[in-house]
Amino acid sequence: MSYKKVPGTFAWWFQRISGSFLIILIFIHFIDVHFIFGVENLEYETVAEKWNKPFWRIMDALMLIFGMIHGANGIESILLDYKKIRKYKAYWIFFIRAISAVTIIIGSWIIVTFSPEEGSVAKYESPIAEMRDESESYE
């Protein structure tokens, strides 16, 4: 049996593999946010506490990278299906990849360099906490 290299084969395989990883990563993220920490407790302090552990930073970085490349690859596939777009194919692919690269770079930079200052956590007061305080004072 011979195997011919067909254009788009890598993109096709990457979609399946990255999609599988994304399902696992998003499931872990969903369980963590909705059941472990709780959405009502999702504030600056909890994210800062969570990102003090390398596991969560790596997981969020992988979710960002796989998600952006998976999405960009999917958009490229959709655009290439339109015959009218094929004339400007190189421009569209460059535009999609450039936007994805910029988003990955900025997001990764934030994940890697995030370092909460000791005083910044105490200064931030969430509006939800203020509403709870006001509702308790009326009783």
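1. Among contacts (heavy atoms within 4.5 Å) between residues at least 6 apart in sequence, 71% join residues at least 24 apart. The model is predicted, so local features need pLDDT of at least 70 and side-chain atom pairs count only at pLDDT 80 or more, while totals for chains, interfaces and linings use all residues. Residues are numbered from 1 along each chain as its sequence is written, and side-chain values use heavy atoms, with hydrogens and water left out.

2. The chain holds six helices and zero strands. Helices (H or I, at least four residues) and strands (E, at least two) are DSSP runs, numbered from the N terminus. Of the 139 residues, 27% are buried; buried means under 20% relative accessible area, exposed over 50%, and partly exposed in between (1.4 Å probe, protein chains only).

3. Helix H4 covers residues 89-113, and its end C-alpha atoms are 36 Å apart, in agreement with the 36 Å that its 25 residues should span at 1.5 Å a residue. The expected span is 1.5 Å times one less than the number of residues. Among the buried residues of H4 are Ile93, Ile96, Ile104 and Gly107. The buried residues of this helix pack against H3.

4. Two salt bridges are counted, each being a side-chain nitrogen of Lys or Arg within 4 Å of a carboxyl oxygen of Asp or Glu. One joins Lys50 to Asp32 (2.8 Å, N to O). Lys50 belongs to helix H2 (residues 44-50) and Asp32 to helix H1 (residues 9-37), so this pair ties together parts that are 18 residues apart in sequence. Both Lys50 and Asp32 are buried.

5. Arg97 and Glu76 also meet through their side chains in a salt bridge (2.9 Å, N to O). This pair links distant parts of the chain, with Arg97 in helix H4 and Glu76 in helix H3, 21 residues apart. Glu76 is buried, at a relative accessible area of 9%.

6. Which charged residue is buried yet has no salt bridge? Asp60 is such a residue, and the nearest side chain of opposite charge, Lys50, is 4.8 Å away. Asp60 is found in helix H3 (residues 54-80). Leaving aside residues up to four places away in sequence, Asp60 touches His29, Trp51 and Ile111.

7. Tyr88 lies in the loop between H3 and H4. Its relative accessibility is 40%, so Tyr88 counts as partly exposed.

Conventions
Lys, Arg positive; Asp, Glu negative; His and termini not counted.
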